Each structure stands twice: as structure tokens, then as C-alpha cells.
Amino acid sequence: MVAGTPSSETPLLVILAPPRCFTTLVCAMLGQHPQMYGLPETHLFTSENMEEWWEGHRGSDRTDGLSRAVAQILFRSQTEKTICLARQWLRRPHRTTADVLRDLAAEVSPRMLVEKTPQAAWRIDHLRRIDSRFPRARFLHLLRHPLGHVLSRIERRVRALQKDEPGLDIVQAAQRFGGADPQMLWLRYNANIMSFLESVGEDRQLRMRGEDLLSNPDKHLREIAVWLNLRADPEAIEAMKHPESSPFACFGPPNAPMGGDENFFRQPTLRAARPPSQGLNDPVPWRRDGKRFRPVIRDLARSFGYD
């Protein structure tokens, strides 16, 4: 195959969602299906080729997920040594990011790769890159209530800053988003995903609220399996309810500890998640002036079935 050309035969499921929307947990769950293999965050689709990928992510923990995936899949373990070997393998010149994903897919074949990188939905051209390189890919649009999403982001910021700023609260932490209203991230990501999916065949996309999936996994995991034309028997569904069995359901070695949600790494089990009790018309808790969600966000959230 010529590097960079589409591969219509590579089985691929891509989870599309903003950050902090259950993607690490759900990817690990789906990866336990006997016909699927869930990856950590690879950030592959944020770049066209590996030279760009390294330039964009070198020195950050965004290289950890792909390094762990290569170490596990190609070198059969995740140790400091295999992470070094994986990074040497990833530095091969003239490789596109699609080439790397195809190589990983070939190693786990005939299982379907499950890929999740929330940052890919920050730009529509990243999403279009997926579709152009993998024209038979399936897309799971995973949702979360905007309040739950924003609070998760802010609480993560609080935990990161409290070591140096004891007593920091969510209002103060929300002001650390570079002046941007934190609710607008939820809107931008979901708007980009919806715009992209307008050009994708209906049979290749599925939208699901994360709270529904995690609260009634038997029903919704079966729905996903049937949609993918994979096994939907009780044994397969039960396997997906044990994300802790994933090789990525923990922190990685010291030279690549991340690759997803640290909360999941600390507690890698299936746990229910329900929409917040606070409604879309109530004042948001990260403001002291009584402001509410913006109308455009309320309207989009209601179109997803939230209230």
C-alpha cells in the first residue's frame, strides 16, 4: 500500500467527544469485547505525519498514550525499556499517522481498533483526516451533560492548582481558562462533531449519552455491538463491563504514565454516571453573578435529550 492512501479494509471505531466525557472509560469497556481492541489516547489524527506529531507533542504527556499502545501491541509489555523501543519505532521517517494506525490494526487483526482522542475534534480538518484515510470507519458521538462536563474540567484544574494555592475554589479555577467561558469548549467540540458527521453516512455513526451508557450498560453496549455487526451475546456484553481488564487500565511506566483520564487509571472500574440534578436554566455554579448557560448551549443540550 502506498503511504498515506486510504485503507477501506481497516476496521476502526472512533469515539468522538469533548475532553472529560467518559471517553477513557468507554474506550476501555469497548476494548474488552472479544472482537475489539481499545487504545489509549494516541493524538494521531491531530497531525498528518509523524514528524508533525512529534513537533506538536514532544515534551508533553500527549506522547504517552501512543507510546504505551506501541509498547503493548508490538513489544508485548509496557516497561521503561519497551516505551523507549516504542518511541524509536515511532521516529521512523516519512510515516503518516494513518500508516502508524494501520500497523497497529494489522497487529491486532481481526479485532477492530477503538480510537479516542478528544482533541481531534477541536478542528474539523482533523476529523476529515480520519474519514479520508479510513473511509469505512465508524463514529460513536459520545455525549455528556454540559454541566457535568464543565465541572469535571474545573475540578481537574482545582486539583492541579491546589498544591500551590490551597483553598482555591471552582469560581477561581474557572477564571484560569484564559478568559474563555469554560462552557464554550463543550459547544465548540460538539458543534464540530455534528458538522463533520453531516457528511458521514448514517450507518457509520451513532450518538449516545454517556450517562445512559454507564447507567444501563447491558442495553447500550448491546446496541453498540449490534450497530457494529459484532457479537452481542451475554458473554461479549459481560466482558465489556470489565474495563479494568484493559492493559491500559492503569498508569503506565515512569517514562509514559498517562494516555487518558487519571481518574480512570486510579479506579478503572465501571461506574454509573447520571446527569446533574441542576437544570439547564439554573445559574451555573462557577459564576457568582447568577449567569446561566448560554441559549445556544441550552438548545443544543436539549436536542441531545438533556434538561
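Residues are numbered from 1 along each chain as its sequence is written, and side-chain values use heavy atoms, with hydrogens and water left out. Because the model is predicted, local features need pLDDT of at least 70 and side-chain atom pairs count only at pLDDT 80 or more, while totals for chains, interfaces and linings use all residues.

## Strands

Helices (H or I, at least four residues) and strands (E, at least two) are DSSP runs, numbered from the N terminus. Buried means under 20% relative accessible area, exposed over 50%, and partly exposed in between, with a 1.4 Å probe and protein chains only. Strands pair if DSSP finds at least two bridges between them.

Strand 1 (12-16) is largely enclosed by the rest of the structure, because five of its five residues are buried. Leu12, Val14 and Leu16 point one way from this strand, and Leu13 and Ile15 point the other way. In a regular strand the side chains alternate between the two faces of the sheet.

Strand 3 (residues 112-116) is mostly covered, with five of its five residues buried. Met112, Val114 and Lys116 point one way from strand 3, whereas Leu113 and Glu115 point the other way. The buried residues of strand 3 thus include the charged side chains of Lys116 and Glu115.

| Strand 1 and strand 4 | parallel, four bridges | Leu13 and Arg138 |

## Helix 6 and its cover

Helix 6 spans residues 124-133, and its buried residues are His126, Leu127, Arg129, Ile130, Asp131 and Arg133. Contact means heavy atoms within 4.5 Å.

Helix 9 (residues 183-197) holds Ser195, which is partly exposed with a relative accessible area of 32%. Ser195 and Ile124 are 71 residues apart in sequence, and their C-alpha atoms are 8.0 Å apart in space.

Thr97 belongs to helix 5 and is buried, with a relative accessible area of 2%. Leaving aside neighbours within four places in sequence, Thr97 is in contact with Leu44, Ser47, Glu48, Asn49, Met50, Trp53 and Arg129. A polar atom of the Thr97 side chain lies 2.9 Å from the backbone oxygen of Ser47.

## Two loop residues

Gln78 is in the loop between helix 3 (64-75) and helix 4 (80-90). Gln78 is buried, at 18% relative accessible area. A polar contact is a pair of N or O atoms within 3.5 Å; within protein, one must be able to donate a hydrogen and the other to accept it, and residues adjacent in sequence count only if both atoms are side-chain atoms. Such a contact of 2.6 Å joins the side chains of Gln78 and Arg68, and the side chain of Gln78 reaches the backbone oxygen of Pro247 at 2.8 Å. Not counting residues up to four places away in sequence, Gln78 touches Arg68, Ala71, Gln72, Pro247, Phe248 and Pro253.

Pro257 is in the loop between helix 12 (234-240) and helix 13, and is partly exposed at 29% relative accessibility. With residues up to four places away in sequence left out, Pro257 touches Asp64, Arg68, Phe251, Gly252 and Phe265. Pro257 and Pro234 are 23 residues apart along the chain, with their C-alpha atoms separated by 34 Å.

## The largest pocket

On a 1 Å grid over the protein atoms alone, a pocket is an open set of points where a 1.4 Å probe fits, with protein on both sides within 12 Å along at least five of seven lines; lining residues have an atom within 4 Å of a point. Grid points are joined across faces, edges and corners, and a volume is the space filled by probe spheres set on the points.

The largest pocket holds about 1,000 Å³ of space. Of its 44 lining residues, Pro19, Arg20, Ser152, Arg156 and Asp261 are the closest to its centre. Helix 7 (146-161) is among the helices that each supply at least two lining residues, and helix 7 gives the most, with nine. The lining has 17 nonpolar, 11 polar and 16 charged residues; Ala, Val, Leu, Ile, Met, Phe, Trp, Tyr, Cys and Pro count as nonpolar, Asp, Glu, Lys and Arg as charged, and the others, Gly among them, as polar.
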